[in-house]
Amino acid sequence: MSSMSLWKRISSHADCEQRMAAYYNKKGLYELRLCLAPWIEDRIMSEQITPNSAEQLERVALKFNEDLQQKLLSTRASDQALKYRIVELCALIQRTPAVELYSHLRSGLQKELQLAAEKSADQSMPLNSYNMNNSAAAAAATAVAMNGGGYMDATELINVAALGGTSAVNMAGPGFLPNVGAGANVTSLGLNMPMVTAKVELFEVHNEILQAYNEFTTCAKGVEVLIQSYSYMLSSPNTPETETFCKRVIEQKNASVLRLQHSLMSYEKLHDLVIAELNNWRRQQALAGNGAQFSENRLDEIQRCFDLLEAFVTLLLQTIKDALLHVRFPNDPDRELNCLFEQVQMLQKSLVLSAFIVDKQPPQVMKTNTRFAASVRWLLGSQLGIHRNPPQVECVIMSELHSQRFVSRGSTMDGNFAGQSSGEIQNCTSTMEYQQSNHVFSASFRNMQLKKIKRAEKKGTESVMDEKFALLFHATATVSDYQIRVWTLSLPVVVIVHGNQEPQSWATITWDNAFAEIVRDPFVVTDRVTWGQLSVALNTKFGSCTQRALTTENLEFLYEKLQRDNIAGERNECISWNQFCKEPLPDRQFTFWEWFFAIMKLTKDHLLSMWRAGRITGFINKAKAHDDLMRATTGIGTFLLRFSDSELGGVTIAYVNECGSVTMLSPWTARDFQILNLADRIRDLEMLRCLHPTDVNVLPLDRDLAFGEFYTQRSEATPRVDGYVPSTIRVQVRTSGDTGSISGTPHHSMQSPPQDSMSLGNLQNSTIMHL
């Protein structure tokens, strides 16, 4: 049995390969299809549910896009050409809208399957790379028969097979194919979809709940019949027939109890599934705190499931209650029904409490005396009727210790939330509001401000930037004459009083968002992760901040820096919290995170457009930069830009000088770029002629071609009416001793200042900065 991939079968026929190459090249995806052929096939063909709405398609496409980038970044390149190729593919993915990329690849696979089917008719193409299981094949055959034994769209066959035998004709996604003849061998379509656990689709969960609820209404009617039978039995005279009827009623009751137990099991399964989806949404919300893509609209789908679950559990509870009240036999303690009643009560309470969430998180690095916003949402408000008398929500800030105590005793708290507070928040109350148009029941806090904070005693080397707090939102509502008290915690926050505390605070938050479990004791998180996990977190953070993801080589460089001088080479080697942000880098006074954070901030504030355009190599050490430039075929004047290893938030230029050796300029920082931006500094240095290839730009570029679009337009100096002579700032670099020539702008007949000094005096309309 051949295991040849679909693409290998296509490429074994020149005409098929040519047709598909032309198709993929319409979007520039041919290289991507070649590079990751088996992975793309397995990834798309293993999706057992085809998106049938714009929202589903967007979610599937975004997830595919994310997985695709991670797959490329984890690919170990064997040579420089392949590394550049991977970088180009990553850049392509980032430029192409996720839905457009996914749809084009998916449609391409469908076209390939059609070509495979056509070629297999001549038995000239190996088959069975993707063999259908029996149930899927039977379903496909049934679908063909239902279609009148004639033609069936290949997309329909794909969907039938992918769903393991369930017809999905109406769920066809993008990219339909021409019809495939009924005589075509179904197996030859290459539809062996690996049976994997499908991602939960909430519209399906909603339908399952609805079906279970409708089935339970039959059970509830059975209990009504039981109550009527019991009432009739009580009013009947004491005769042998009545005694026989009584036995039947007892049997009827036992059967009803069994049905109620079965209904409870069905409800529990669906309850757990929806709660798990809500926890997954909260997990994605935490990752979004690090910059990951996040679809908030999924919460509306989750709410629809909550509404149905509440209707289900309310009817279940009332039905059991009716049976307990109206069907009572002597010497029968009704243990089973009482046990059921308690279980359902607990499940209903769990549902109501779980539905109260923070839908808009507060800032996770929170500065005192600074305004901030947040909001909470109750996914069951309208279902319970609470929106008719909306409650007030109050917010307090809690320390990690208080949060732990609260969570462990949450169900028995006496409501003295203020006594648990670790600080003072202004404008900390808000009344919930119900929006009829979208059924959202929420409370918004638009103008909160943390005035005071109480800190815990520090242990060992702990600092205030390691200390986590959380905002606790709580409310009390009245439903059917009894009170419901609900509460929820925000994601952890770090409280600071000065901007210089931000870097370490963001280390605490970034680590927690990336690696913490949603269901946990506040705010427990592992202190050791694999490099694979950390690389995803760093890439997410840097990419969201600078609008361009890190490349494979960038991540390799970061891995080596984290490992210091002990590079084991194993990709699954663990990185500790201390390595990440506590231990100084070798021969430095700062940690890895401080260095990384400073580069991220510099790039965002001053280098963003040039970084996005791929003009900055950035993550490369001094030795490799030297070697790369010495090997450059473009010779003297070839240069690259790299992030400084020795200075926080610094970028430096390395270039091949007129002697053929490499010169490294002292790093420039944000303070320098506030005076003159990087592109203009490069323009002033005439010894810089050709930009060395970067991870993104694989060919050398003329300096002005590479940076011209980033130059600031300089107007001709005109005399001022007040008699003053205008001046400009230009960069010059001394190249040969204190009195030698200066590279950069044209020379002037004056004695130059000593090397490593800076002069801001007027000089024929030029002010010179000497480095």
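A residue is called buried under 20% relative accessible area, exposed over 50% and partly exposed in between (1.4 Å probe, protein chains only). The structure is a predicted model, in which local features need pLDDT of at least 70 and side-chain atom pairs count only at pLDDT 80 or more, while totals for chains, interfaces and linings use all residues. Residues are numbered from 1 along each chain as its sequence is written, and side-chain values use heavy atoms, with hydrogens and water left out.

View 1. At 3% relative accessibility, Asp680 counts as buried. Helices (H or I, at least four residues) and strands (E, at least two) are DSSP runs, numbered from the N terminus.

**View 2. Asp67 and Arg43 are joined by a salt bridge.** The closest N and O atoms are 2.9 Å apart. Asp67 belongs to helix α5 (residues 54-73) and Arg43 to helix α4 (residues 37-45), so that distant parts of the chain, 24 residues apart, are linked. Both Asp67 and Arg43 are buried. In the whole structure, a search finds 24 salt bridges.

**View 3. Lys561 and Asp645 meet in a salt bridge.** The N to O distance is 3.1 Å. Lys561 lies in helix α18 (residues 552-562) and Asp645 in the loop between β16 (638-643) and β17 (651-656), so the pair ties together parts 84 residues apart in sequence. Lys561 and Asp645 are both buried.

**View 4. Gln303 is a buried residue of helix α12 (residues 298-326).** Its relative accessibility is 4%. Leaving aside residues up to four places away in sequence, Gln303 touches Arg377, Leu379 and His439; contact means heavy atoms within 4.5 Å.

**View 5. Four strands form an open antiparallel sheet in the order β8-β6-β11-β12.** Strands β8 (429-431) and β12 (482-489) stand at the edges with a single partner strand each, so one side of each has no neighbour in the sheet. Strand β6 (residues 392-399) pairs with β8 in the antiparallel sense over three bridges; two strands pair if DSSP finds at least two bridges between them. Gln392 stands opposite Thr431 in β8.

How values were computed. Salt bridge = Lys/Arg side-chain N within 4 Å of Asp/Glu carboxyl O.
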